[in-house]
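Hi everyone, thanks for making time. I'd like to walk you through one structure today, beginning with the ligand and then moving on to a sheet. Let me put it up on the screen.

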Amino acid sequence: MAEVEKVHCLIIGSGPAGYTAAIYAARAGLKPVQYQGLQPGGQLTITTDVENYPGYPNGIMGPQMMIDFEQQAQRMGADIRWGMATQVDFNSLPHKVQIDDEKWIEADSVIIATGASAKWLGLESEQRLNGHGVSACAVCDGFFFKNTDVAIVGAGDTACEEALYLSKLCSHVHMLIRRSEMRASKIMQDRVLKTENITVHWNTETLEVLGDHKVDSIKVINHQSKAESVIPVKAFFVAIGHEPNSSMFKGLLDMDESGYLQTLPGSSKTNIPGVFACGDVQDKIYRQAVTAAGSGCMAALDAERYLSALEG
Ligand code: NDP
């Protein structure tokens, strides 16, 4: 029979949400066990400077910030481990979670903080220059390209929101749209089209991001005219959507049509008692380190209250 371990509070995932949940759960005496997942620290480990997280007056590198979070959780007593949840069974109490396709954990409460992953175009040059002018987060990195020309790809609400954000910081924003229409809501489209320093390139796809060590231009093709051109830009933002890391919970937890876990408004509670969700796996709107951390705190407080009630 496979090995089974019993824990009071199990945390799956390790971005700002997971680590904050671990800090709060440990301080509340819940003895949390946290499995970090494939990418310990999550999306922040593939960013560079973070200047908008309060408490770091001189900014902080994303990977270092996640090390700080982890050390703080460890100092509070969280048991942080390598390993990935590979299967869950939430049909009866205690909840069961399998790690690395091997051992099973029986948990009185489970906090899901598995995050989301940005979608990329899949170009070799896009990956090579990631963090050197290529970014999937305008709010995080736009500031570094103040008063320069930049490009953004995507035509949904996120791309529109980020193009508008960039238009306030940058000299010019080139918005690359692969079809002859946008997917975004009408109001967002109107705002983009009315903004003088945003040029919309319809029917346009990116062939390559150019630059040796940092972005200096992009090569694009217009599908109608078949014309290729090079646009000089200092940054290339990709805003073609995110994928919540929630496939393991399909059929068990309520999620929206894109796979984002649904929580009871104003709480971290999922549709299954004792299972809580925080961070980007349940947030497609804000997606910031600070909002993820805040929701991690909520999940730990909700778990603490749930466990207290369970124990009577
Ligand atoms: P969406 O899935 O809505 O849009 C993705 C966009 O990226 C589409 O325009 C799509 O083009 C484009 N795209 C996808 N793949 C490629 C590719 N390979 N090359 C070029 N373009 C590509 O994602 P969003 O992140 O914008 O939004 C997700 C959800 O969150 C939506 O429901 C949105 O409404 C919501 N949201 C709401 C906000 C708000 O209310 N304030 C803010 C932000 C998001 P195509 O249209 O051709 O498929």
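This is a predicted model: local features need pLDDT of at least 70, side-chain atom pairs count only at pLDDT 80 or more; totals for chains, interfaces and linings use all residues.

**Around the ligand**

Let's go through some of the contacts. Which distance separates a polar side-chain atom of aspartate 157 from an oxygen atom of the ligand? For aspartate 157 that distance is 2.6 Å. Moving on to threonine 158, an N or O atom of its side chain sits 2.7 Å from a ligand oxygen. And for arginine 183, a polar atom in the side chain is 2.5 Å away from an oxygen atom of the ligand. As for the surface, the ligand taken alone exposes 910 Å², of which the protein buries 74%.

What about the makeup of the shell?

Now over to the strands. Here we have an open sheet of 5 strands with parallel pairing, and the order reads S10-S17-S11-S12-S13. At the edges stand S10 (134–135) and S13 (198–201); each has a single partner strand, so one side of each has no neighbour in the sheet.

And how many bridges join S12 to S13? There are 4, linking S13 to strand S12, residues 172–176, with the two running parallel. If you'd like a pair to click on, histidine 174 has threonine 199 in S13 as its bridge partner.

That's my tour, and I'm happy to take questions.

Note on methods:
Residues are numbered from 1 along each chain as its sequence is written. Side-chain values use heavy atoms; hydrogens and water are left out. A polar contact is a pair of N or O atoms within 3.5 Å; within protein, one must be able to donate a hydrogen and the other to accept it, and residues adjacent in sequence count only if both atoms are side-chain atoms. Accessible areas come from the Shrake-Rupley method with a 1.4 Å probe; for residues, only the protein chains shown count as cover. Two strands pair if DSSP finds at least two bridges between them.
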